[in-house]
2 protein chains.
Amino acid sequence: MGKAGNWKETAASRVADCRIFNVSSSDRISEDGKSGTFYLVNSPDWAGVIPVVDTALGRMIVMIRQYRHGTGRLCLEFPGGIVEKGEDASIAVGRELTEETGYRAEMIVPLGLLSPNPAFMTNTFHAFVAEGCVLDRVQALDEHEEIEVLLVPENEAIDLVGAEDYGHALMTATLFLYMRYRGLCL
Amino acid sequence: MGKAGNWKETAASRVADCRIFNVSSSDRISEDGKSGTFYLVNSPDWAGVIPVVDTALGRMIVMIRQYRHGTGRLCLEFPGGIVEKGEDASIAVGRELTEETGYRAEMIVPLGLLSPNPAFMTNTFHAFVAEGCVLDRVQALDEHEEIEVLLVPENEAIDLVGAEDYGHALMTATLFLYMRYRGLCL
C-alpha cells in the first residue's frame, strides 16, 4: 500500500461556505503518478457522549430525540455537538450534555476517535462516556433546538440504537465503542 | 415534539456539484413559526457489507485497507460503495464485495439502515452481512482504487474496528449491527 499511501496536494480552492461546514476541492497526485480532483467537506470536530445514570433499577442512558434537517425526521441520539476552536473535546461534551439534557457527569472518559466519513470528510468525532450522571438543572437550548430527553435502560438503548426506523451512524458507532469499554462484547 | 417534528421547505437551491455528492440549501419554516436556511449534502445511498468466511479456525471477516482523501490516510474498512440509481442495495454490495476483494457470498442478509449524518446528509447507508463467502476471482478495481484485502478473525475485527489509529464511523456502526445480529452483545 506504499504507493497509494502518499498523495500530495498541488492546488486547493474553497467551493462553498455552508455555516456548519464548508466544501473545498483538492487537486492531488500520487507517488506513482495518478492524479485527480477530490471534493472535501470540512467541519469543526464533533463530540458525542453516552451519559450513564446509576439507579436502583440498573444503569440508565440519557438519550435525546430531536428533529434533523438532513433526514427531515426525528432522530434518537446521544448528546453532543461541535468542539469549539481551541476547546478540549471532553469539555465540549460536558457542556453539550448539560445544555441539552440538564445532566452533569461525575467523570467523562474517552472511548476513542472516529472519522465520520474518511472518503470526503476531514474532521474527527470524539466519543466519550459520562459516568455518574445526575440531573442538575434545566436545559439551555440554542435557537433552533427542541430536544426531548429520555432515560433509557442500558439494554434497551442497545436494542433501540440503529433500530428505531433507521439509526444515526455516529451514535451506533459510539455505542459499539461503549460496549467494548463496558465489556459487553462477547 | 409535535411542533418541531414538522418543517416545510419554502425554497431550495443547488450550492455546489462535487461529483460524489452535491450541496443544496433549503429554506424551511416550522409549524410554530421558526425559520432558517439549512445546508444539505446529498449523495446516492451507500451500502456496506461484513463478509464472513467460515474456516477450520473459526469465522473470519474480509476487510480492506485503502487510502481515503478526506482523512488523507489509510483506512481499515468493510467492502462497500455507492448504490447505483435503481439498483437494489443488496445487489450493490454483492457487486462491490466481488470487485474489491474477489470474494462472493452464498447469502447476503440485511442488518439495517443508518443515516450517515441526519443533521445535514440526506442519504441512507444500507448495512449487510455476507454469509458463506468464498474467494472466487481477482479484484476488479476502479481507476483510483488500490485496495489491500485482509482476512481477519472475527474477534480481532471486533478489537480492530474503531481502534486502529482512528476508526471509520460507518464501519464501526455496521459492526455493532453485526454483533446484535450474531448475538454477540451481552
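Predicted model: local features only at pLDDT ≥ 70, side-chain atom pairs only at ≥ 80, totals over all residues.
**View 1. Overall make-up of chain A.** Chain A contains three helices and 13 strands. Its C-alpha atoms occupy a box of roughly 65 × 45 × 35 Å along the principal axes. Of the 186 residues in chain A, 44% are buried. Among contacts in chain A with a separation of 6 or more, 58% are between residues 24 or more positions apart.

**View 2. Helix 1 of chain A, residues 89–101.** Helix 1 of chain A has 13 residues, and its end C-alpha atoms lie 18 Å apart. The buried residues of the helix are Ala89(A), Ala92(A), Val93(A), Gly94(A), Glu96(A), Leu97(A), Glu100(A) and Thr101(A). Just after the helix comes Gly102(A), with a positive phi of about 85°.

**View 3. Strand 4 of chain B and its pairing partners.** Strand 4 of chain B covers residues 46–55 and is mostly covered, with eight of its ten residues buried. It pairs in the parallel sense with strand 10 of chain B (residues 125–131) over six bridges. Strand 7 of chain B (residues 80–82) runs antiparallel to strand 4 of chain B and is joined to it by three bridges. Ala47(B) takes part in both pairings: its bridge partner in strand 10 of chain B is His126(B), and in strand 7 of chain B it stands opposite Gly81(B).

**View 4. The hairpin of strands 4 and 5 of chain B.** Two residues separate strand 4 of chain B from strand 5 of chain B in this hairpin. Strand 5 of chain B spans residues 58–68, and four bridges join it to strand 4 of chain B in the antiparallel sense. Within this pairing, Thr55(B) is opposite Gly58(B).

**View 5. The side of chain A that touches chain B.** In the contact between the chains, 60 residues of chain A meet 60 residues of chain B. The elements of chain A that each supply at least two residues to this side include strand 1 (7–17), strand 2 (22–30), strand 3 (35–42), strand 5 (58–68) and strand 9 (107–115). Helix 3 of chain A gives the most, with eight residues. By class, the residues on this side of chain A are 37 nonpolar, 15 polar and eight charged.

**View 6. Helix 3 of chain A against helix 3 of chain B.** The two helices, each of residues 169–182, pack at an angle of about 65° with their axes 7 Å apart. The crossing of helix 3 of chain A with helix 3 of chain B is left-handed. From helix 3 of chain A, the contact is made by Ala169(A), Leu170(A), Thr172(A), Ala173(A), Leu175(A) and Phe176(A). Helix 3 of chain B contributes Ala169(B), Leu170(B), Thr172(B), Ala173(B), Leu175(B) and Phe176(B). The helix contact has ten nonpolar residues, two polar residues and no charged residues.

**View 7. A strand pairing between the chains.** Strand 9 of chain A runs parallel to strand 13 of chain B (residues 167–168), and two bridges join them. In this pairing, Leu114(A) stands opposite Gly167(B).

Conventions:
Residues numbered from 1 in each chain as written. Chains lettered and ligands numbered in written order. Expected span 1.5 Å × (residues − 1). Buried ≥ 20, exposed ≤ 12 C-beta atoms within 10 Å, placed from the backbone. Pairing = 2+ DSSP bridges. Axes fitted to C-alpha atoms, helices over the stretch in contact; angles between N-to-C directions. Left-handed = near helix turned anticlockwise from the far one by under 90°. Contact = placed C-beta atoms within 7 Å. Nonpolar A, V, L, I, M, F, W, Y, C, P; charged D, E, K, R; others polar.
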